[in-house]
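Subject: Structure handover

Hello,

Please find below the structure you are taking over.

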Amino acid sequence: MNEIEERLILELGENFPVESRPFAVIGARLGMTEDEVIARVKEFMDKGIIRRLSVALRHQNVGFTANAMIVWKVPPERLDEVGNKLASFPEVTHCYERETARDWPYNLYVVVHRPHRKECLAIAARLSEAVGVADYRVLFSTAELKRSNPQYFIERGEDDAV
């Protein structure tokens with residue numbers, strides 16, 4: 001990835017302008033035309049470098065205060081099947097396979113957000129039935145200590161990126 005591509009990724013991820021023509025604004029920052037920015041974004045998407053452009057909603061600010069991580073104990077031979085099935089549910093925002101530990105047998109993790117804990121518990125029960133895995137636990141967040149977008153190419157420094 002060259003310097004202009006890294007700078008464009010930074011602009012898309014951290015400095016996306018709330019304007020009627022955001023790609024024109026980004027282009028002006030980077031010395032590119034709006035069409036060049038749009039073409040480069042499409043190229044990134046075609047190559048799988050970026051998956052999508054979206055809004056990051058602060059779910060607590062719109063009433064989704066119950067954040068549940070549901071951890072599953074899935075037989076290794078079923079991890080792909082169960083993981084893909086759980087990831088297909090629109091309520092699931094994150095789905096990861098992780099290593100187990102000696103006292104922690106759970107190897108698949110999903111996250112759901114809802115206004116109330118009882119809704120998260122109902123989703124967990126529905127997911128359990130759908131994938132045929134009954135060994136799971138629901139862990140609710142008790143405090144949010146940090147939430148941010150991933151930081152890419154930060155070793156370049158903000159002054160270099162603008």
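What follows covers the sheet, the pockets, the cysteines and one glutamate.

Please keep in mind throughout that this is a predicted model.

The sheet

Four strands form an open sheet in the order S2-S3-S1-S4, and their pairing is antiparallel. The edge positions belong to strand S2 (92-97) and strand S4 (136-140); each has a single partner strand, so one side of each lacks a neighbour in the sheet. On average, neighbouring strands in this sheet are turned by 20° against each other, with direction ignored.

Going through the pairs, I begin with S1 and S3. Strand S1 covers residues 66-72 and strand S3 covers residues 108-114; the two run antiparallel and are joined by seven bridges. Within this pair, valine 71 sits opposite tyrosine 109 of S3, and methionine 69 has valine 111 of S3 as its bridge partner.

S2 is joined to S3 by five bridges, again antiparallel. Here cysteine 95 faces valine 110 of S3 as its opposite residue.

In S1, six of the seven residues are buried, so the strand is largely enclosed by the rest of the structure. S3 is mostly covered too, with six of its seven residues buried.

The largest pocket holds about 1,600 Å³ of space. Its lining consists of 34 residues, and those closest to the pocket centre are Arg52, Ser54, Val55, Ala56 and Asn149. Helix H1 (3-14), S2 and S3 each contribute at least two residues to this lining. H1 gives the largest share, namely five residues. By class, the lining of the largest pocket contains 17 nonpolar, ten polar and seven charged residues.

The second largest pocket has a volume of about 370 Å³. There are 16 residues in its lining, with Asn67, His113, Ser141, Glu144 and Arg147 nearest the centre. S1 and S3 are the elements that give two or more residues to the lining of this second largest pocket. The largest share, three residues, is from S1. Sorted by class, the lining of the second largest pocket has eight polar, five nonpolar and three charged residues.

How many disulfides does a search of the whole structure find? The search returns zero. Cysteine 95 takes part in no disulfide, and the nearest cysteine sulfur to it, in cysteine 120, lies 16 Å away. Seen from the other end, the sulfur of cysteine 120 has that of cysteine 95 as its closest cysteine sulfur, and 16 Å is too far for a bond. The cut-off used for a disulfide is a pair of cysteine sulfur atoms within 2.5 Å.

Are these two cysteines buried or exposed? Cysteine 95 has 26% relative accessibility and so counts as partly exposed. Cysteine 120, at 0% relative accessibility, counts as buried. The reasoning rests on the cut-off that buried means under 20% relative accessible area and exposed means over 50%, with partly exposed in between.

Glutamate 119

Glutamate 119 is located in helix H5, residues 117-131. Its relative accessibility is 28%, so glutamate 119 counts as partly exposed. In sequence, glutamate 119 and alanine 68 are 51 residues apart, while their C-alpha atoms are 10.0 Å apart in space.

Regards

Conventions:
Residues numbered from 1 in each chain as written. Predicted model: local features only at pLDDT ≥ 70, side-chain atom pairs only at ≥ 80, totals over all residues. Heavy atoms only, no water. Pairing = 2+ DSSP bridges. Axes fitted to C-alpha atoms, helices over the stretch in contact; angles between N-to-C directions. 1 Å grid on protein atoms, 1.4 Å probe; cavity = no way out; pocket = protein on both sides within 12 Å on 5 of 7 lines; lining within 4 Å. Points joined across faces, edges and corners; volume = space filled by probe spheres on them. Nonpolar A, V, L, I, M, F, W, Y, C, P; charged D, E, K, R; others polar. Buried < 20%, exposed > 50% of the residue type's maximum accessible area, 1.4 Å probe, protein only.
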